[in-house]
Amino acid sequence: MRLIKAAAAFAVMATFAAPQTALAQDAPPNAVGVQGTLLSVSAEGKSEARPDMATINLGVTTEGQTAQAALQENARRMTALTQALRRAGIAERDIQTSNVSVFPQQQYRENQTPLITGYQANNTVTAKIRNVNNVGRVIDAAVGAGGNTINGVSFSHADPDAQLDLARRAAIAEARRRAELYASALGMRVVRIVAVQEGGGYSPPFPVAYERAAAQDMAMAPPTPVAPGEIETRVSVSVTFELR
């Protein structure tokens, strides 16, 4: 279900008829030949729609007495994790490594050099899920294959421009509605649009915090519920109308 809303703030600038040579100095470049009143309206349009894509960052953290041991175990479990992602329907092109690191684990002692007690290896990937109904299933598959690091889920639109265009239409419609209202109140009519300027659109990813226990808990856990909700996309415009 898609819901389009529009809201606006406005500013009015009235410049009554003046000789064309004087008007050209103050009017916008496209306002040559203006003989009436200029009305500037700033409006905002919104589009709200269910996301159709999710992005998840997950991986494996392992420990070992040496850096090599920690990394080898990590590689084994990470290979199983990426295979599980592919079996869950994630295309290879939608799986990208985002971090590989190895850190010493240190024990700090007073007035002594820190003692290295082992090493920790981390490997995480970012996966795009192009069917938001599969997010819970993908998470469960990854954790079941040995994943123990999940850094949250974000939702977005595969085609954000389509949502921006809906918001743009809503913004223009609201600007025109306000212009007609002011023209009527002034005993005038809207003749034409002199200038349009877009203030920018914003369609943010929708983050969802997520934390999951280790893989051994999966057998007792129900399928992971994930609610995508809706994403709000906003566009603001400034439109200058000529009234007569």
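## Strands 2 and 9

Ser42 has Ser238 in strand 9 as its bridge partner. Strand 9 covers residues 231–243 and runs antiparallel to strand 2, with 13 bridges joining them. Two strands count as paired if DSSP finds at least two bridges between them. Buried means under 20% relative accessible area, with a 1.4 Å probe and protein chains only.

## Basis of the model

This is a predicted model: local features need pLDDT of at least 70, side-chain atom pairs count only at pLDDT 80 or more, and totals for chains, interfaces and linings use all residues. Residues are numbered from 1 along each chain as its sequence is written, and side-chain values use heavy atoms, leaving out hydrogens and water. Strands (E, at least two residues) and helices (H or I, at least four) are DSSP runs, numbered from the N terminus.

## Nonpolar cores

The largest nonpolar core has 23 residues. Such a core is a set of buried Ala, Val, Leu, Ile, Met, Phe, Trp, Tyr and Cys residues joined through side-chain atoms within 4.5 Å. Ile56 and Leu85 have the most contacts inside the largest core. Helix 3 supplies its largest share, five residues.

Beyond four places in sequence, Leu85 is in contact (heavy atoms within 4.5 Å) with Ile90, Ile95, Val125, Ala127, Val138 and Ala142. Another core, of 15 residues, lies apart; Val41, Ala43, Ala179 and Leu243 are among them.

## Gly64

Gly64 lies in strand 3, residues 53–64. Gly64 counts as buried because its relative accessibility is 16%. Gln120 is 56 residues away in sequence, yet the C-alpha atoms of Gly64 and Gln120 are 6.6 Å apart.

Key:
Buried < 20%, exposed > 50% of the residue type's maximum accessible area, 1.4 Å probe, protein only.
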